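Trainee: I would like to learn how to read a model like this one. Can we go through it feature by feature?

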Amino acid sequence: MKILFVSFGILPNRGAAAFVTESLCNNFTPEEMAVVGEQILFEGRIERPEGAPNYYYLRTNFSWRGKGKRFFVPLRWMLFPYLLWKMNRIVRRERCDYVIGTFPDNYYLYGAYLVAKRNGLGFSSYFHNTYLENRPTHTYAFRFASRIQPKIFDYSDYIFVMSEGMQGYYEERYPELQGKFVPLIHTFEEWPEAPERDFAEKKERYDLLLMGNFNNSNVEATARFVEALKGEGRYNIKMFTHVLKPQLKMRGIDAEAIDYRGFVKQEDFYKELMDNDVCVLTHGFTGGYSQAEYETIFPTRTIPFLISGRPIFAHSPKNSFLTKFLKKYDCAEVVDEPSPEEVRRRMQALIDDPERRRQLVENARRVAERFYGPNVARFLKDQLEAVRGKRATGGAAHEDQP
């Protein structure tokens, strides 16, 4: 079996989907997989490790380095026939007999589905986020999703999802599809070499790291975290993000109260991450997404935080899968109520308790094993190999996630 893996996000795209795609696909060989993604205007291409799959860039993007894409949606859809033509050629050139289409981009997901169906190939979908359930009703986006999501669900051998939280949500919502929803979790490629840290060492000022794309998924909790701790001389709130400071201000974050560092290059990523005392993971309590989205999101930055060798402080709502996961494995200090006072109190308690910080790091290291790229890739290979048995018997036994 050779897989065509279709994801709009591949490096150097700065979105989370690109990192998820690369860290998974680079565990496959060119004989096992080829990858299709989107070429971002004014961005180059990267060299990948020897033995990685072949990556194909399609010119379907109209934006300024990935920003403002929403203003060119009609023009992008005019290029949809080009997308299908290119993917059909790649399928034949690479001799692929299976297709995986990913979401959060319905354009590439729908294209992958159509190419697989036209060529009579096996197909599975991979949802990083909810799709139809996160579209406002009475909108064109909702009507379009209402048409294509059921078709994609029906044609998929598996509907891979980003977390057990998404799996549980979908199985409850679509009981007729029981057995199709399978968690395919975030991955990382290598264990970084984390410098030893003496947690008992006292400092005058502690660096607290915020990282990611601050949008509706977490901006409300992030703003509250900054408000709770700004002005506290004991803390320096650092932020790595490609979101510009004026945009952060427009989204409600006091950008003047943070140590803004902009976007960190991939080659400097872990070095910069580890040069901090606490990694801060924020997850929205409310905002512009559906309740289902807030309950099922599993932030991409969770994985690098788990393997950073630094303790995690999480501000996340009680009913979210993320909160339940972090508490289950006791791998983060979690504040699950929207209280600035509680954020201040718990952060101070964490800083004053070096043994607690050390224990969180040890617990995080243990739980991170399940996200290690070769383990997740092996799981995916086993699942797809079982497809032949599924088609022969009308069902498939889904193995446990590593």
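Trainee: Which residue in E4 is the bridge partner of Ile3?
Mentor: Ile3 has Tyr98 as its bridge partner in E4. Helices (H or I, at least four residues) and strands (E, at least two) are DSSP runs, numbered from the N terminus. Two strands pair if DSSP finds at least two bridges between them. Here strand E1 (residues 3-6) and strand E4 (residues 98-103) pair in the parallel sense, over 4 bridges.

Trainee: What should I know about the model itself?
Mentor: It is predicted: local features need pLDDT of at least 70, side-chain atom pairs count only at pLDDT 80 or more, and totals for chains, interfaces and linings use all residues. Residues are numbered from 1 along each chain as its sequence is written, and side-chain values use heavy atoms, with hydrogens and water left out.

Trainee: What is the strand order of the sheet?
Mentor: The order is E3-E2-E1-E4-E5-E6-E7, in an open sheet of 7 strands with parallel pairing. E3 and strand E7 (181-183) stand at the edges with a single partner strand each, so one side of each has no neighbour in the sheet. On average, neighbouring strands are turned by 25° against each other, direction ignored.

Trainee: Which strands does H3 lie across?
Mentor: H3 lies across E1, E2 and E3. Its direction is at about 165° to E3. Axes are lines fitted to C-alpha atoms, for helices over the stretch in contact, and angles run from 0 to 180 degrees between N-to-C directions.

Trainee: How are two packed helices described?
Mentor: By the angle between their axes and the distance between the axes. Take helix H3 (residues 80-94) and helix H4 (residues 106-119): their axes come within 10 Å and cross at roughly 50°. H3 and H4 are therefore oblique to each other. Angles under 35 degrees count as roughly parallel, over 145 as roughly antiparallel, 65 to 115 as roughly perpendicular and the rest as oblique.

Trainee: What is the hand of the H3 and H4 crossing?
Mentor: Right-handed. A crossing is left-handed if the near helix is turned anticlockwise from the far one by less than a right angle, and right-handed if clockwise.

Trainee: Which residues of H3 and H4 meet?
Mentor: Contact means heavy atoms within 4.5 Å. On the H3 side, they include Phe80, Leu83 and Met87; on the H4 side, they include Tyr107, Gly111 and Arg118. The contact divides into 11 nonpolar, 3 polar and 1 charged. Ala, Val, Leu, Ile, Met, Phe, Trp, Tyr, Cys and Pro count as nonpolar, Asp, Glu, Lys and Arg as charged, and the others, Gly among them, as polar.

Trainee: At what angle do H4 and helix H5 cross?
Mentor: Roughly 45°, with the axes of H4 and H5 (residues 140-155) coming within 11 Å. That makes H4 oblique to H5. This crossing is left-handed. Among the residues that meet are Leu109 and Tyr113 in H4, and Phe144 and Ile152 in H5. The H4 with H5 contact has 8 nonpolar, 1 polar and 2 charged residues.

Trainee: Where is Arg48?
Mentor: Arg48 is in the loop between strand E2 (33-38) and strand E3 (54-58). Its side chain reaches the backbone oxygen of Leu11 at 3.0 Å.

Trainee: Which residues does a cis peptide bond join?
Mentor: Leu11 and Pro12, with omega about 15°. Pro12 lies in the loop between E1 and helix H1 (16-25).

Methods: Polar contact = N/O pair within 3.5 Å; in protein donor to acceptor, adjacent residues only side chain to side chain.
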